[in-house]
Amino acid sequence: MTEQQGTPDQLPAQKGQGGTGATYKLAIFEFENFRGKKMELSGECKDVLEKTQRVASIIVESGPWVGCERPGFAGEQFVLEKGSYPRWSSWTNYQSSYSLRSFRPLKVDSADHKLHLFEKAGFEGRKMEIVDDDVPSLWAYGFQDRVASAKAVNGTWVGYMYPGYRGSQYVFEHGDFKHWNDWGATAPQIQSVRRVRDMQWHKKGCYIAPVPAPTPPSPDPKPKPTPNPTPNLKS
């Protein structure tokens, strides 16, 4: 059976999306590996299921974006920077849900990044400042995993529940977050944070996960014996 993709549905950009002069384009597909019906977005969409049955693969041509588990930008969040996402595992390792219902562009205010994390709500308790860096483990930098409030001074950030950029994702756009509910969390737990890259200032425009080292080949269980060299006899 052949698939007919046809002309993709297009949703126009709406007001207040992204930074000055920013352009956004995202394509979603109903099947993995960019197959099936295609829909293109250039602005926020509160419920993609009004236009398509499912979201199984994504191509971000320009961004960054955030996809949300439920309509109206609610539920689990998934940051999507420039690149191709052929299946669920390519944009998250936290698979409590296999639903993406709404999308919006992320606002990126500058090339610089500065984030303040606080132990207690209302910007109280211990404080950690992160400037132009990614932190795979707050513990490794001497800060506990309890983060109850935050200030995104510059740039856009994403926090993760677990070390190594794993688990639930929480977006921090420029502004103050007095309580963990402000970033959509149900508990004050963040153990890793990283910068969200934008093509306007970063050539690659996305976070590149480290590539694991290749597995060395297994030794031959039955190695062939090396023949004895022929002696060089001189008279």
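Me: Which residues touch the most other members of the largest nonpolar core?
Reply: In this predicted model, local features need pLDDT of at least 70, side-chain atom pairs count only at pLDDT 80 or more, and totals for chains, interfaces and linings use all residues. Residues are numbered from 1 along each chain as its sequence is written, and side-chain values use heavy atoms, without hydrogens and water. A nonpolar core is a set of buried Ala, Val, Leu, Ile, Met, Phe, Trp, Tyr and Cys residues joined through side-chain atoms within 4.5 Å. The largest such core has 21 residues, and those touching the most other members are L117, I130, L138, F172, W183 and I190.

Me: Is Q191 buried or exposed?
Reply: Buried means under 20% relative accessible area, exposed over 50%, and partly exposed in between (1.4 Å probe, protein chains only). Q191 lies in the loop between β14 (175–177) and β15 (192–195), where strands are DSSP runs (E, at least two residues) numbered from the N terminus. Because its relative accessibility is 11%, Q191 counts as buried.

Me: Which residues does L138 touch, not counting residues up to four places away in sequence?
Reply: Contact means heavy atoms within 4.5 Å. With residues up to four places away in sequence left out, L138 touches L117, M128, F143, Q144, V147, I190, Q191 and S192.

Me: Which residue in β10 is the bridge partner of L117?
Reply: Two strands pair if DSSP finds at least two bridges between them. The antiparallel strands β9 and β10 are joined by six bridges. Within β10, the bridge partner of L117 is M128.

Definitions and conventions. Helices (H or I, at least four residues) and strands (E, at least two) are DSSP runs, numbered from the N terminus.
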